[in-house]
Amino acid sequence: MKTVLTVDDSKVVRSMVARHLQPYGCRVLEAANGEEGVAAAREHRPDLILLDVTMPVMDGREALGALRADPACKAIPVIMLTAESGKDLVLEIARLGVTGYIVKPFQKETFDKEVSKVLGPPGAAAIAAAPAADAPVDVKTVLVVDDSEKVLDAARAALEATMTVLLAHSGQEALEQYDRGRPGVVVIDLAMPEMDGFETLERLRGRGRSAYVALAVRGDDGLHERARKAGYHAVVAKPFRAGNLVDSVLAAANAVAAPEQLLGALFGEDGDCPVMRMPDPRSKVLARVGPALTRRLRDLAEQGTDKLILDLGAITEVTTEVVSALAHLIAAAGGVGIRTAICAPDATVMEKLKQFAETKDTLYGPSLEQARQRLD
Amino acid sequence: MIESPTTSTMDREALRALVNGTLAQLSRTGEVPVLPSRATAALALVRDPDADIERLCRIIRTDVGLVARILRAANSIFYGRRSPAKTLQDAVLTLGMRKTCDLLVAAAARQMFRASGPRARDLWNHALAAALGAEELARRTRSVDPAAAFLPGLFHDVGRIAFLLADATSFEVIAGLALSEEETAAALEREWYAFDHAEAGASLAGEWGLAPESCDAIRWHHRPDEAPLGQTLALLVCAADELAYRIGYGGGARPPAVGLSALGFSEEDQAACARDLEKSFAAHRELLG
């Protein structure tokens with residue numbers, strides 16, 4: 001573990017430095033003036049010193065001079081902290097031979113830009129200890145991160161019928177839960193105290209290829225846009241309807257699942273007859289599994305299968321997308337010698353499909369059994 | 001911290017440049033919080049002696065939600081009429097131009113506080129409680145026109161929401177230290193930003209068009225006796241700040257050290273004040289969310 005020494009007469013500044021160093025996973029030592037700082041540096045030989053310019057007892061310039069004159073400390077990288085950003089001061093600091101400088105008050109980006117020059121990127125230590133980033137994720141598991149118990153309850157109630165749900169109350173807890181559950185989808189509240197949704201996303205992304213869904217206050221378009229730019233797959237406005245959250249999470253899960261995984265979930269059997277469940281075209285699943293689906297149909301044909309039931313149980317509305325997806329499937333199956341029948345439990349769906357040129361000559365049955373009988 | 005410039009003696013312009021520069025530098029977007037345009041239009045009307053009802057109604061009509069809210073306010077038990085107001089003009093006449101403007105500004109300001117999480121919600125509750133508290137105290141003390149007390153009360157801690165919006169991490173660190181250290185949040189803020197939330201709030205409120213005396217009351221609400229001008233309004237806002245804590249809607253770790261007692265209120269008066277404030281707070285929270 002690396003050691004960083006922060007030297008500042010302000011407790012607030014030392015606390016800010018310590019807070020911003022958290023993602024680096026290092027030990028933080030504090031000193032309230034130059035004299036204490038030099039003494040601490042001699043004793044602990046830190047990997048980095050963050051040194052305030054203006055301090056009582058011994059100021060930053062004098063402290064730096066003392067450090068540079070000490071053979072044991074002269075190589076320690078020093079970043080100066082200053083309350084002014086004037087050009088003269090910057091030149092003076094540059095002449096002092098330091099690694100960099102940070103103007104106070106600073107925020108995360110400014111701090112990270114300078115400090116990562118010495119310590120490496122934030123979160124690197126944590127990633128080294130975590131499972132490899134390319135280890136597989138479980139697309140049937142979702143992690144929900146929100147500081148509100150009420151939101152967590154609502155999300156769990158909405159999602160637990162379709163996914164395994166893990167919960168975390170803060171960004172920090174999310175990191176731990178993530179490593180434990182390897183969720184395929186992580187739903188993150190953007191506005192959490194301490195580590196907000198942007199920082200949480202940044203730190204989770206190094207750990208695995210999951211899809212991320214943001215929870216954001218309704219109406220703040222700027223924030224929604226920023227979330228998408230930061231890498232969120234989707235943004236769900238709060239308060240959310242259960243259906244909206246489920247749709248976004250499932251779409252996000254589809255986006256990260258490997259085509260074979262998606263396809264596996266679509267195929268089943270009725271007796272000895274393979275059945276393919278037609279996904280809702282809005283989920284874009286078919287577009288993603290395209291080549292894998294062709295391979296699967298060819299494999300089925302090679303294994304001696306000559307029939308396939310297309311189960312339309314999940315389809316409630318016939319759109320041109322549904323029709324063209326079906327036409328494509330029927331043609332692809334026909335191309336390898338597999339005959340198809342459509343199982344449409346919804347009578348209006350069946351009636352509607354029969355009106356389209358592409359699907360009017362297909363075999364239909366209202367149940368799997370009847371569809372199979374039509375094929376026999 | 002010895003390098004902080006002393007902001008107490010800074011003039012308004014110098015303070016504004018410092019506050020705007022720092023907040024813009026801290027925020028991810030490089031922007032300083034702005035009040036929605038409807039609120040600034042209403043604030044301009046408050047300061048315009050020739051303002052008329054029609055102009056005010058025109059501003060309100062740009063937002064259907066606002067029309068409904070103003071009608072609901074006029075017809076609420078709190079501002080109760082004998083027969084319900086059916087038109088926007090009726091509603092504005094019932095409430096009065098000034099009160100309508102106050103509600104309009106509050107409704108627009110509410111948007112800013114929706115930004116992020118429980119901290120923002122607490123700050124909003126505190127702002128609304130202090131605004132209504134300041135009005136209540138002005139009525140009781142007759143030291144200030146009650147109509148002039150609402151807005152400085154509403155915006156007295158707007159600097160804190162600006163800090164939160166600019167950089168939530170700094171806000172949390174300071175809030176944490178204020179709980180555990182002896183120093184006040186304002187002193188901790190000065191160490192970090194070089195100015196405190198009262199100074200930031202006064203500067204932003206000035207930019208949004210609040211009257212100079214209201215801005216001064218915001219700037220000095222933690223140390224009313226140091227205010228160069230308008231100590232009465234500053235003291236009133238300070239007392240309203242404390243009153244908000246008494247009804248459970250404090251804005252920080254501790255209530256201000258001076259406040260209600262400096263207004264000469266007995267313990268009984270303070271309790272009566274708190275009871276009245278609880279009622280008006282509940283009514284307005286329902287109205288404004």
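Two strands pair if DSSP finds at least two bridges between them. Helices (H or I, at least four residues) and strands (E, at least two) are DSSP runs, numbered from the N terminus. The model is predicted: local features need pLDDT of at least 70, side-chain atom pairs count only at pLDDT 80 or more, and totals for chains, interfaces and linings use all residues. Residues are numbered from 1 along each chain as its sequence is written, and chains are lettered from A and ligands numbered from 1 in the order in which they are written.

**Exercise 1.** Describe the pairing of strands E6 and E8 of chain A and the sheet around them.

Solution.
- Strand E6 (residues 138-145) of chain A pairs with strand E8 (residues 183-189) of chain A over five bridges, in the parallel sense.
- Val142(A) has Val185(A) in E8(A) as its bridge partner.
- The open sheet of chain A has five strands, in the order E7-E6-E8-E9-E10, with parallel pairing.
- Strand E7 (164-168) and strand E10 (234-238) of chain A are the edge strands, each pairing on one side only.
- On average, neighbouring strands of this sheet are turned by 25 degrees against each other, direction ignored.
- Helix H10 (residues 221-230) of chain A packs on the sheet and touches strand E9 (211-217) and E10 of chain A. The direction of H10 makes about 165 degrees with that of E9(A).

**Exercise 2.** How do helices H2 and H3 of chain B cross, and which residues make the contact?

Solution.
- Axes are lines fitted to C-alpha atoms, for helices over the stretch in contact, and angles run from 0 to 180 degrees between N-to-C directions.
- The axes of H2 (residues 37-46) and H3 (residues 53-61) of chain B come within 10 Å and cross at roughly 170 degrees.
- H2(B) and H3(B) are therefore roughly antiparallel to each other (angles over 145 degrees count as such).
- H2(B) contributes Arg38(B), Ala41(B), Ala42(B) and Leu45(B), and H3(B) contributes Arg55(B), Leu56(B) and Ile59(B). Residues are in contact if their C-beta atoms, placed from the backbone, lie within 7 Å.
- These residues divide into five nonpolar, no polar and two charged. Ala, Val, Leu, Ile, Met, Phe, Trp, Tyr, Cys and Pro count as nonpolar, Asp, Glu, Lys and Arg as charged, and the others, Gly among them, as polar.

**Exercise 3.** Which helix of chain A gives the most to the side that touches chain B?

Solution.
- 21 residues of chain A are in contact with 25 residues of chain B.
- Helix H1 (residues 11-21) of chain A gives the most to the chain A side, with six residues.
- That side of chain A holds 10 nonpolar, four polar and seven charged residues.

How values were computed:
Contact = placed C-beta atoms within 7 Å. Parallel < 35°, antiparallel > 145°, perpendicular 65-115°, else oblique.
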